[in-house]
Amino acid sequence: MVPCKGCDVKQELKFQGVNKETGLVYGLTWEMEDGLLVTESVRYICKECGHAHRNADKAWMFPRGEWQATARPTTPDHRSYHINALYSPVGMFPWSAVVLAWLDAWDVDSDSVKNTELLQEFYNNNLGLPFEVLG
């Protein structure tokens, strides 16, 4: 859970989502120009206030964050961790790299899968989530 620079509310960084209470779209946003990502345009939008964070803001956000358990262990002293690539430190894997991986796998214009193998890699390596091919 990391704080927003705009409102200081701590939240889990997610690739994209919609705040069910306010309808605010949050997560990574970006601009395209001539079919290419404008890397400097990539921002993380706060779930609560809509503040647009730059990748460099992670240096401020992360030291003020805290780990918060999301499940109870089924056995004592058993811990399981999951974290996505949005938490990569500044200088290691920028948010623009996450967007580029998404754009390699997903066709935004047709809102459909471009490459199933790359989509699986995106889910596993960038979102830290399991992926199952359906259909």
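Strands S5 and S6 (residues 52-53) pair in the antiparallel sense over two bridges. Two strands count as paired if DSSP finds at least two bridges between them. Helices (H or I, at least four residues) and strands (E, at least two) are DSSP runs, numbered from the N terminus.

Before I go on, the basis. This is a predicted model, where local features need pLDDT of at least 70, side-chain atom pairs count only at pLDDT 80 or more, and totals for chains, interfaces and linings use all residues. Residues are numbered from 1 along each chain as its sequence is written, and side-chain values use heavy atoms, with hydrogens and water left out.

Back to S5 and S6. Isoleucine 45 stands opposite alanine 52 in S6, and tyrosine 44 has histidine 53 in S6 as its bridge partner. The hairpin of these strands has six residues between them, and glycine 50 there takes a positive phi near 85°.

Next, S4 (residues 25-33) and S5 (residues 36-45). They run antiparallel and are joined by six bridges. Glutamate 33 has leucine 36 in S5 as its bridge partner. This hairpin has two residues between the strands, and aspartate 34 in the turn has a positive phi of about 55°.

What is the order of the four strands in the open sheet? The order is S3-S4-S5-S6, with antiparallel pairing. Strand S3 (16-18) and S6 stand at the edges with a single partner strand each, so one side of each is left without a neighbour in the sheet. Helix H2 packs on the sheet, touching S4, S5 and S6, and its direction makes about 120° with that of S5. For that angle, axes are lines fitted to C-alpha atoms, for helices over the stretch in contact, and angles run from 0 to 180 degrees between N-to-C directions.

Now H2 itself. Because eight of its 11 residues are buried, H2 is largely enclosed by the rest of the structure. Buried means under 20% relative accessible area, exposed over 50%, and partly exposed in between (1.4 Å probe, protein chains only). The buried residues of H2 include Trp95, Val98, Trp102 and Leu103.

Two single residues. Serine 88 is in the loop between helix H1 (58-61) and helix H2 (95-105). Is serine 88 buried or exposed? It counts as buried, at 16% relative accessibility. Leaving aside neighbours within four places in sequence, serine 88 is in contact (heavy atoms within 4.5 Å) with Lys58, Phe62 and Phe93. Alanine 59, by contrast, sits in helix H1 and is exposed, with a relative accessible area of 51%. Its C-alpha atom is separated by 24 Å from that of tryptophan 102, 43 residues apart along the chain.

Last, the pockets. On a 1 Å grid over the protein atoms alone, a pocket is an open set of points where a 1.4 Å probe fits, with protein on both sides within 12 Å along at least five of seven lines; lining residues have an atom within 4 Å of a point. The largest pocket is lined by 22 residues, and Trp67, Gln68, Ala69, Thr70 and Ser80 lie nearest its centre. Lining the second largest pocket are, among others, Glu12, His82, Trp102 and Tyr123. Helix H3 (residues 116-127) gives the most to that lining, with three residues.
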